[in-house]
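This report describes the strand pairing, aromatic pairs and nonpolar cores of the structure shown below.

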Amino acid sequence: MKYEELIKNIVKVLDDKKAEDIRIIETSELTIVADCFIVASGTSSTHVRSLSGDVEDALSKLGVEPEHIEGRATGWILLDYGTVVVHVFDRQSREYYNIERLWQDASIKTAEEILQ
């Protein structure tokens, strides 16, 4: 699956499942870790687990599997798809880690910009 398609599919699932404050952080010019981070918030720990599971299931149906998953029992679940890393937070963890501030030099888009 092409990079742009991967991002759009992930954002669509998160948006459809009512994730909050979805941000796409383009990091390709700043790090070799990933080309893009997708950050979203859930309203509860159950919602966070559900969002990450829904992304994993939807992409699996398209033949794309994560290289690594971390944090299934925490307020921050990370799904690593190589060029794209998905971070799903509960509200408190997102405020604490503030990934957008850490990558403030990156281009940051909203879900609406991706899904138009």
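## Strand pairing and the sheet

I24 has K109 of strand β6 as its bridge partner. Strand β1 (residues 20–26) and β6 run antiparallel and are joined by four bridges. Strands are DSSP runs of E with at least two residues, helices are runs of H or I with at least four, and both are numbered from the N terminus; two strands pair if DSSP finds at least two bridges between them. The model is a predicted one, in which local features need pLDDT of at least 70 and side-chain atom pairs count only at pLDDT 80 or more, while totals for chains, interfaces and linings use all residues. Residues are numbered from 1 along each chain as its sequence is written, and side-chain values use heavy atoms, with hydrogens and water left out.

The open sheet consists of six strands in the order β3-β4-β5-β2-β1-β6, with mixed pairing. Because β3 (68–70) and β6 (107–110) stand at the edges with a single partner strand each, one side of each is left without a neighbour in the sheet. On average, neighbouring strands of this sheet are turned by 15° against each other, direction ignored; the axes behind such angles are lines fitted to C-alpha atoms.

## Aromatic pairs

Five aromatic pairs are present in the structure. Rings of Phe, Tyr and Trp (its six-membered ring) pair if their centres lie within 6.5 Å; planes under 30 degrees apart count as stacked, over 60 as edge-to-face and the rest as tilted. F37 and W103 form an edge-to-face pair, with 5.4 Å centre to centre and 75° between the planes. F37 lies in strand β2 (residues 36–42) and W103 in the loop between α4 (99–102) and β6, so this pair ties together parts that are 66 residues apart in sequence.

F37 is buried, at 7% relative accessible area, whereas W103 is partly exposed at 21%. Buried means under 20% relative accessible area, exposed over 50%, and partly exposed in between (1.4 Å probe, protein chains only). One aromatic cluster is formed by W76, F89, Y96 and Y97.

## Nonpolar cores

A nonpolar core is a set of buried Ala, Val, Leu, Ile, Met, Phe, Trp, Tyr and Cys residues joined through side-chain atoms within 4.5 Å. The largest has 25 residues, of which I10, L14, I22, I38 and Y81 touch the most other members. Among the elements that give two or more residues to this core are α1 (3–16), α2 (45–61) and β5 (84–90); α1 provides the largest share, six residues. Apart from this core lies another, of nine residues, including A34, L78, F89 and A106.

Note on methods. Axes fitted to C-alpha atoms, helices over the stretch in contact; angles between N-to-C directions.
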